[in-house]
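Please look over the sequence and the fold shown here before reading on. The report is meant for someone meeting this structure for the first time.

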Amino acid sequence: MDKKEIFEMPIPIGCYVYDTDLPTLAQEVIGYRIGRMIGEDLEDYEDDGYEDGVWYIQYGMGMVWSSSPVAEIGVSLFRTRKDAMRAA
């Protein structure tokens with residue numbers, strides 16, 4: 001039988017996060033991913049620095065979106081503006 005991995009979303013989709021690069025800007029969580037997306041060119045995937053087997057949180061505002069490893073939550077990605085500004 002195949003081994004199945006259960007992933008619990010640390011921040012629900014639709015909630016907001018604050019990145020230390022732009023700590024005053026609230027960015028909406030739009031999803032999570034592991035590995036390459038269907039239809040994504042391998043060259044684009046590799047150029048963006050994604051690693052196979054690593055969970056990423058995707059977030060952004062408008063047409064500008066970012067991804068960070070889930071492990072960055074609490075390091076460079078935070079639930080509150082105050083925490084992001086403190087870490088920046």
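## Basis of the description

This is a predicted model, in which local features need pLDDT of at least 70 and side-chain atom pairs count only at pLDDT 80 or more, while totals for chains, interfaces and linings use all residues. Residues are numbered from 1 along each chain as its sequence is written, and side-chain values use heavy atoms, with hydrogens and water left out.

## The sheet

Strand 1 (residues 16-19) is joined to strand 2 (residues 22-34) by a hairpin of two residues, and the two strands pair in the antiparallel sense over three bridges, with Leu-22 in strand 2 as the bridge partner of Asp-19. Strand 2 and strand 3 run antiparallel and are joined by six bridges, and Gly-31 stands opposite Gln-58 in strand 3. Six bridges also join strand 3 (residues 55-61) to strand 4, again antiparallel, and Trp-65 in strand 4 is the bridge partner of Gly-60.

## Ser-68 in strand 4

Ser-68 lies in strand 4 (residues 64-69), and is buried, with a relative accessible area of 10%; buried means under 20% relative accessible area, with a 1.4 Å probe and protein chains only. Leaving aside residues up to four places away in sequence, Ser-68 touches Trp-55, Tyr-56, Ile-57, Tyr-59 and Leu-77, where contact means heavy atoms within 4.5 Å.

Technical notes. Helix = DSSP H or I, 4+ residues; strand = E, 2+ residues; numbered from the N terminus. Buried < 20%, exposed > 50% of the residue type's maximum accessible area, 1.4 Å probe, protein only. Pairing = 2+ DSSP bridges.
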